[in-house]
Amino acid sequence: MFRRGLSVLTILLIVLLGCSSFAEEAKNEKSGTVKTKKTAAAAVKKKKTAPAKAGKKVRTARVVAAAPAKPLPVPAQLSEVRHWSTPDYTRVAITLSHDTPYEQHEIARTPGSSLLSRIYFDINGARLAPGVKDLSIGDGLLKTVRAAQYRADTVRVVLDVENIKDYKIFTFSDPFRIIVDVKGERRAEISALAPGIVAAPPAAEPAAGEALRAIQAELQAEMPKEPAVAKAAPRKAMKPGKIRRIVVDPGHGGKDPGAIGLTGLQEKDVVLAIGLTLAKKLKDELGIDAVMTRSTDVFIELQERTAIANQVGADLFVSIHANASLNRSASGIETYYLNLAKTEKAAQLAARENGTSLEKVSLLQAVLFDLMANYKLNDSAHLAEEVQKALYKRLNDRYPPVKNLGVKQGPFYVLVGATMPSILTESAFISNDKEEAKLADPQYLEQIAEGILDGIVAYSSALK
Ligand SMILES: [Zn+2]
């Protein structure tokens, strides 16, 4: 009884403390320097820091009485707030157990100023999970990110701004994530890097830096070292210096098997084998630094994959997948880059690779252009063309017949936010029994890696 009384008291205290430390946002709300946007769950918003309309009234939501028979919705649990500092932007990801509406607000430094002091979210129907800690960022763009149970049914997440130019907000599903990408001028240590020098991951970046070091250590451990004397000259002719670092992203992993073939072959295993081979060839044959988003059977969220690529200053991002279709006779190779889906099939594939519904994909499509401000559309299309051409040629020469499905466009989450040319390859249909048999053959997987490598060489050679 006593313990229970104590824990209720603790919760009360936490709520009270939370409210008081968030009092400034409340004060600012009253003073009218705040801009408010109501945002439905899964909608995507872009917000430019245009001069704030001072004095604009904050509208209060009208409370609609629920029908008596309707059960109360289960609160969405806010379980994690993470961030990645990259050379171009800082990404903050807020993870919740399921979709829930949120309101997005910003506070100007002074009324009417275009400079922001805070961005904050009131996430309705949400509970803050125990153990979610405030983040100290201090990377020149953001100071801190704080989360607290603001009201019994509302979690408030505050981003304390140091100096930003622009920000974008979008959401991912399953689990529900609110992603905030902020952009601005960084302090000298990051922005002063001369062009051509590969940006190292920021040293003062413990969480993500550690993850990255772990990835690189894993990669190193898995790559057999060849004796220096026995090392042959690079087999593929490529202009040096154009492409220095490539992030290789084998799709899925861990709890997410990806598509599964009739005999039980799993996409996650196939694409990992291709990715490891490709990374080794990039290093050994081209002397390119290959960084893998995963080099073992682990689950990595989609938003982390591009964040890794941006963080290490990669020149290219290659996501490797195997295709699947309800039509078991579907077969062939296709390569995608990020854009609106032109066909229903492409939208369906994006929904599957995004781990979400077709409906959510069309929501993402509606605002995709806003999210693609820094996206290298033409370069990505060019890289996709070269990789598709080379993959098709190599596989059709050695394992005919192979169908060339061509280069396509689709709204893939994993490519959203990538600041370098980025593609997603679907090198065969695991749902087709003949192609599944090919994907079970390590020699075939090696040829896929060779094909992607040929495409990268062709792309790089065409760079001026
Ligand atoms: Zn996939």
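Helix α5 passes helix α12 in a right-handed crossing, a term used where the near helix is turned clockwise from the far one by less than a right angle, anticlockwise being left-handed. The structure is a predicted model, in which local features need pLDDT of at least 70 and side-chain atom pairs count only at pLDDT 80 or more, while totals for chains, interfaces and linings use all residues. Residues are numbered from 1 along each chain as its sequence is written, and side-chain values use heavy atoms, with hydrogens and water left out. Helices (H or I, at least four residues) and strands (E, at least two) are DSSP runs, numbered from the N terminus.

The axes of α5 (residues 267-286) and α12 come within 8 Å and cross at roughly 50 degrees; axes here are lines fitted to C-alpha atoms, for helices over the stretch in contact, and angles run from 0 to 180 degrees between N-to-C directions. That angle makes α5 oblique to α12, given that angles under 35 degrees count as roughly parallel, over 145 as roughly antiparallel, 65 to 115 as roughly perpendicular and the rest as oblique. On the α5 side, the contact (heavy atoms within 4.5 Å) includes V270, A273, I274, T277 and L278, and these meet a set in α12 that includes L445, I448, A449, I452 and L453. The residues of this contact divide into 13 nonpolar, one polar and four charged, where Ala, Val, Leu, Ile, Met, Phe, Trp, Tyr, Cys and Pro count as nonpolar, Asp, Glu, Lys and Arg as charged, and the others, Gly among them, as polar.

Helix α12 also meets α10 (residues 377-398), with axes that come within 7 Å and cross at roughly 140 degrees. The two helices are therefore oblique to each other, and their crossing is right-handed. Among the α10 residues in the contact are H382, L383, V387 and L391, and among those of α12 are Y444, I448, I452 and Y459. By class, 11 nonpolar, four polar and six charged residues make up the contact of α10 with α12.

Turning to the sheet, six strands form an open arrangement in the order β14-β13-β15-β18-β16-β17, with mixed pairing; two strands pair if DSSP finds at least two bridges between them. Strands β14 (289-292) and β17 (404-410) stand at the edges with a single partner each, so one side of each has no neighbour in the sheet. From one strand to the next, the twist averages 25 degrees. Strands β16 (residues 333-338) and β18 (residues 422-429) run antiparallel and are joined by three bridges, with Y336 opposite L424 in β18. Helix α7 (residues 344-354) packs on the sheet, touching β15 (316-323), β16, β17 and β18, and its direction makes about 100 degrees with that of β15. Helix α12 (residues 442-461) packs on the sheet as well, touching β13 (245-250), β15 and β18, at about 145 degrees to the direction of β15.

Within β15 lies I320, which is buried (under 20% relative accessible area, against over 50% for exposed and partly exposed in between, with a 1.4 Å probe and protein chains only) at a relative accessible area of 0%. Leaving aside residues up to four places away in sequence, I320 touches partners including V248, I274, G275, L278, T425 and I452.
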